[in-house]
Every structure is written in C-alpha cells, then in structure tokens.
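Hi there,

Here is the structure I promised to send over. Please have a look at it first, and then read my notes below.

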Amino acid sequence: MFSVLLVLLLAVAPVAVAVQTTADQVKDRESLKAFVLDAKQYLENLRDYNDVIATRETLREQPRWAFGDTYLLFLMLDGSISLHAGDRSFQGRDILDIRVDRGVATAREMMKVGEAGGGFVDYVDGVPKTAYSIRTKTGVGNIEFYLVGGYSKDLSSTPLAGKDVPPPPVTAAEVVDKEFLVAFVEAAADAYRGAYGTEKHEGLMAVRNAFRKEGGPWRAGNFYLWVVGSRGYIIFHGFETWREGKPFNLDRVDVNLNFSYQVL
C-alpha cells in the first residue's frame with residue numbers, strides 16, 4: 001500500500017484534568033450540561049497538541065465519554081462535524097441546514113445558544129430529545145468549535161462538507177516518481193495548512209473529504225494521504241478513518257522507501 005505522510009510538529013507539556021461528570025451519569029438536563037461543561041474544561045486545559053489529536057479516540061471511551069446516546073461532537077463554525085464520538089462516518093458531514101421534526105434547524109440553534117454562552121436545544125427526532133451546546137476552543141492550536149452533547153440524530157443522509165479545494169499541480173494518479181511525489185505532498189501540505197490556518201478553520205473538513213475521495217485528485221486506489229503529530233498520533237488518514245487519534249510508530253521503516261513527508 002503506497003501512502004504519503006504529512007507531519008505536524010506542535011508540542012508542549014500536557015496538563016491532566018479530572019472529569020467530574022461522566023457519560024453514564026447523564027440522567028437529565030442538568031447532568032447533561034455538567035457533562036458538556038466538564039468536557040469543555042478538559043479540552044481547554046490540554047496543553048500538548050498531541051493530546052488534542054488523541055482526543056479523537058479518547059472521547060470514544062465508555063462509559064467515561066460515551067454511553068448509549070450520550071456522547072460528544074465537535075461542530076465547526078461553518079456547520080461541519082469535525083468529531084462525532086458516536087459514529088465516525090458522520091465526521092466531515094455538513095449539518096448546517098439540517099432540520100428535524102417540527103422544522104427545527106438544530107445545527108443553527110446549537111450555534112446560536114453556543115454563542116450566547118451555552119444552552120439547551122430541544123428537538124424531536126422520532127421522540128423528544130435534548131442537546132446542550134457551548135462554544136469553546138482547544139487549549140493549544142486554538143481550534144474553535146461548538147462542543148455538543150446529547151445530539152444523537154442519524155446523519156447518514158446529510159451531505160459531506162464540499163467547499164471547493166483546488167486540485168494539486170500533480171494529481172495522485174499522476175505520481176510516477178519522487179519528483180512528482182514531492183510536488184504532490186507539498187501541494188497537500190499547502191491545502192491542509194491553508195484550511196487549518198484560517199480564522200475559523202473554514203474548509204478544513206472539506207479538505208479532509210477531498211483527500212479521501214476515491215478517484216479524486218488527492219487519492220488514487222491505494223495511494224492516499226495521512227497526517228500525524230510529532231509524537232506519532234494520527235490526525236488524519238485518507239483511507240482508514242478509524243486510525244485517527246491512534247498512535248503510529250514514527251520509527252517504522254518501509255523497506256521499499258514508499259513514504260514521503262512534509263512538515264506542516
């Protein structure tokens with residue numbers, strides 16, 4: 001399997017924060033709010049970007065972070081989902097204009113109450129449900145998003161975030177030698193860095209979706225991109241999303257030297 005590797009170097013000493021209200025303790029509105037606020041404090045106190053990366057897996061731990069229909073999701077400021085602790089397949093979806101029973105635009109409501117300092121959003125999805133949303137950002141990297149708990153709707157019918165991502169000068173299918181490979185990786189680093197570096201990280205999910213699209217300019221068969229942090233935690237994987245948030249051995253050597261990387 002041929003892949004290309006982008007490396008993100010960001011590291012500071014971590015700070016541990018105890019979680020007071022776990023997912024399995026959520027029984028009502030107030031315990032749901034406490035669960036989300038405790039998660040907010042946990043995320044804001046992370047001081048090592050590698051720990052931020054690892055939260056993609058950490059927040060799936062049961063029953064501490066996920067229990068039944070109680071789990072967290074990161075709703076980006078453009079309405080796309082960065083992390084969905086209940087179902088990875090919903091990550092990268094654009095839910096800005098999704099509506100549920102009674103016509104409630106839940107994503108926009110979650111943004112509205114999140115901007116106002118946090119609040120509940122009541123909605124009906126077959127049965128009455130309640131979510132709690134608050135705007136926050138990671139303690140390092142300043143990734144801003146709405147932290148949401150209690151939103152358990154099936155999102156499989158929502159579209160993927162699809163902001164236009166300019167194709168690279170050399171597409172994945174056109175990489176035939178090291179020179180082309182370097183040009184391809186550098187273009188990917190520029191695209192990823194460009195989306196990550198915007199004030200609201202707009203288009204970051206669209207870039208990830210573009211990198212994953214089979215037959216697109218950024219992926220051809222077993223030729224795909226992935227991004228890791230300086231301690232080896234996988235930020236993005238263009239083929240197997242379940243690897244994101246998990247560690248990778250940076251000392252691993254491919255006997256065919258089939259890896260090229262760019263430091264972001």
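Let me start with Q91, which is buried, as its relative accessible area is 11% (buried means under 20%, exposed over 50%, partly exposed in between, with a 1.4 Å probe and protein chains only). A word on the source: this is a predicted model, where local features need pLDDT of at least 70, side-chain atom pairs count only at pLDDT 80 or more, and totals for chains, interfaces and linings use all residues. Residues are numbered from 1 along each chain as its sequence is written, and side-chain values use heavy atoms, with hydrogens and water left out.

Back to Q91: you will find Q91 in the loop between β3 and α3 (106-115) (helices, H or I, have at least four residues and strands, E, at least two; both are DSSP runs numbered from the N terminus). Leaving aside neighbours within four places in sequence, Q91 is in contact with R56, R60, I81, S82, L83, H84 and E244 (contact means heavy atoms within 4.5 Å).

Now the sheet. Five strands form an open sheet in the order β3-β2-β6-β5-β4, with antiparallel pairing (two strands pair if DSSP finds at least two bridges between them). β3 (81-84) and β4 (119-125) are at the edges with a single partner strand each, so one side of each has no neighbour in the sheet. Within the sheet, β5 (residues 127-137) and β6 (residues 144-149) pair in the antiparallel sense over six bridges, and K137 stands opposite E144 in β6.

Best wishes
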